[in-house]
Amino acid sequence: MPGGLISIDEARERVLAAARPLPSEAVPLAAALGRVLAEDVASAEDLPPFDSSAMDGFAVASAEGGELEVVGESRAGAPALRGLAAGQAIAISTGAMVPEGTAAVVPVERTRPGAAGRVVAEEVRHAANVRRAGEDVRSGQVVLRAGTAVGPAEIAMLASLGRAEVRCGGVPRVAVVVTGDELVDPGRPLGPGQIRDSNAPALAALATAAGARVTGARRVGDDFARTVEALRAAIAEADVVCVSGGVSVGEHDHVKPALAELGVEERFWGVALKPGKPTWFGAAGAGPTLVFGLPGNPVSTMVTFELFAHPALRALRGAEPSRTRVRARLEAPIRLNPRREQAVRCRLTAAEDGWRATPAAAQGSHQISSMLGADALALVPRGEGELAAGALVDAEPLARDTVHP
């Protein structure tokens, strides 16, 4: 690997330097879940737009209570047609506009029937149970910022602001290419020396969970010409290409020379990382299309996708690319590697003194079971000896982005 191995952070910096946000587009509100805002959203009006009742009860002209004449009703969507004077009350529903002259709303449970057409109300404090116009949002206030991921709460706010559509970042197109003569589809019987292809389904799932649209998954044998054609087609249709396997230096590893044949510019090859040392990254064309050459071992494929491809997809979507790291105490010792950082699959739990990281029992790059239940990668620095239980490490949560429809 010419030039030596680079660190995880340097590799990520080179990836993000090439990841340019995709053009934004207007998205109907019903399709905006999981997208990333490409505009600041300000309110054109106060929310709520009028003073309203927080309770079912009676709007009163004085907070002092007493026996009052009921002179009308204000319902949600059907305000009272008159105001209040001293000694009067108007029956009111939750969310209904309060009549002019209202001093407070007395909850129905704090009233009792009086003489015909009258109600006896208990004393309440002035302005009790009245929601003021603009109490939530003021007209002109910026409520949502560009770069915000749209979740259910954001959908509710956009609807409240009257937005039928909103400008969002683009959805990255991802093409998956897996290499290897030994691979067969799930559901098919295995021949001698064959294994089932888990990388194509895993990469497609990871890309979808990161908010991308998978354009297709190709599998190609260990043949140079067919590898070139598969990569040519993938690059032509996608913003990001994830290639699994074939990026090392073996006689049957054709991905690097195939990418060179296609004019894809290499940005790095080789990361001081376990698992994931032979990771390759480059860019094709003016767009550019980002190309990730990921190791073929299943865990290496998933780990390097999370560390490098996932941040790139977030950047393309217009989101903040870096996920928040936390400091966590190891629940078990980890043997250090003198030459490489380690991405240790672990489960995070909250404790009184902070986060705890429990490493998966199996950590082999071929052991898919190490990813089951893992919700973080503990990033262990290179070194000699052992990192003891109780030591603090950086941990990068693997929480998924909201999947767009």
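I count two strands as paired if DSSP finds at least two bridges between them. The model I am reading is predicted.

**Entry 1: β5 and β6**
I looked up strand β5, residues 66-74, and strand β6, residues 88-92. They pair in the parallel sense, over four bridges. I then followed S74 to its bridge partner in β6, which is I92.

**Entry 2: the sheet**
I traced an open sheet of six strands. I read its order as β7-β4-β6-β5-β9-β8, and the pairing is mixed. Which are the edge strands? I noted β7 (104-107) and β8 (111-113), each of which pairs on one side only. From one strand to the next, the twist averages 40°.

**Entry 3: α3 and α6**
Next I took helix α3, residues 199-209, and helix α6, residues 298-317. Their axes come within 10 Å and cross at roughly 25°. Angles under 35 degrees count as roughly parallel, so I put α3 and α6 down as roughly parallel to each other. The crossing of α3 past α6 is right-handed. Which residues meet there? From α3 I listed N199, A202, L203, L206 and A207. Facing them in α6 are P298, T301, M302, F305, E306 and L313. By class, I find eight nonpolar, two polar and one charged residues in this contact.

**Entry 4: H254**
I located H254 in the loop between β17 (240-244) and α5 (255-261). Is H254 buried or exposed? Its relative accessibility is 15%. Buried means under 20%, so I logged H254 as buried. Leaving out residues up to four places away in sequence, I see H254 touch D222, D223, F224, T227 and G246.

Notes:
Residues numbered from 1 in each chain as written. Predicted model: local features only at pLDDT ≥ 70, side-chain atom pairs only at ≥ 80, totals over all residues. Heavy atoms only, no water. Axes fitted to C-alpha atoms, helices over the stretch in contact; angles between N-to-C directions. Helix = DSSP H or I, 4+ residues; strand = E, 2+ residues; numbered from the N terminus. Parallel < 35°, antiparallel > 145°, perpendicular 65-115°, else oblique. Left-handed = near helix turned anticlockwise from the far one by under 90°. Contact = heavy atoms within 4.5 Å. Nonpolar A, V, L, I, M, F, W, Y, C, P; charged D, E, K, R; others polar. Buried < 20%, exposed > 50% of the residue type's maximum accessible area, 1.4 Å probe, protein only.
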